[in-house]
Amino acid sequence: PALGLAERDRHAGELEASRAEYVLNTTRDLVEEFGESVSRLEGPQPSLSVVCVPSRDEADATVNVMLVHALRANGFKARALAVPQHPGDIADLNKDDMDVLIVSALPPLALIPARSLCRRFRKANPEIKIVLAVWQSENLSDEIQKRLGGVCIDSVVVSVAEAVERMKEMKVLEATPVQA
């Protein structure tokens, strides 16, 4: 929540650059510390492979790493990518190395770039599940999905806990045999 508030205030011009950088760096340090403790707890990895990509900037990247740590703590094979620098960065991902792509977007300005990333990836990889994570959103995930439409995304989540639960649901669906 602190990172979300700082990002909102930064984009509104109500937070000095030095204070915004302090919040980001402090949050990043806490996330790294959490990741180190999670890596000691990790057990066997399930078959569901999740790739997490930040939408636009370092704030998105920090929340993205937090998500990866939470997924790993819950037994998922997860990895974080850097902020895409070129339009082809997402479309060129190796689809054989993932079951789900999660795009992390921390409002207020990350939603449009996130939707653009989702669209490019969907066009190149129509069979991969795509989840849009709109962190600290005041709207519910269902409302956001209705607003964006289901063409480029399969699901929307608004918290790390909801993202972990959604991956658990997808893992169950993946493991369920199709009956003829």
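Modeller: Helix 6 (residues 141–148) lies across strand 4 and strand 5, at about 135 degrees to strand 5. Helices (H or I, at least four residues) and strands (E, at least two) are DSSP runs, numbered from the N terminus. Axes are lines fitted to C-alpha atoms, for helices over the stretch in contact (heavy atoms within 4.5 Å), and angles run from 0 to 180 degrees between N-to-C directions. The model is predicted: local features need pLDDT of at least 70, side-chain atom pairs count only at pLDDT 80 or more, and totals for chains, interfaces and linings use all residues. Residues are numbered from 1 along each chain as its sequence is written, and side-chain values use heavy atoms, leaving out hydrogens and water.

Colleague: What is the order of the strands in the sheet?

Modeller: Two strands pair if DSSP finds at least two bridges between them. Here five strands form an open sheet with parallel pairing, in the order 2-1-3-4-5. Strand 2 (77–80) and strand 5 (155–157) are at the edges with a single partner strand each, so one side of each lacks a neighbour in the sheet. Strand 4 (residues 129–134) is joined to strand 5 by three bridges, and L132 has V156 as its bridge partner.

Colleague: Which strands does helix 5 lie across?

Modeller: Helix 5 (residues 111–124) lies across strand 1 (49–54), strand 3 (100–105) and strand 4, and runs at about 175 degrees to strand 4.

Colleague: Which residues does V100 contact, leaving aside its neighbours within four places in sequence?

Modeller: Among them are L48, V50, I128, V131 and M167.
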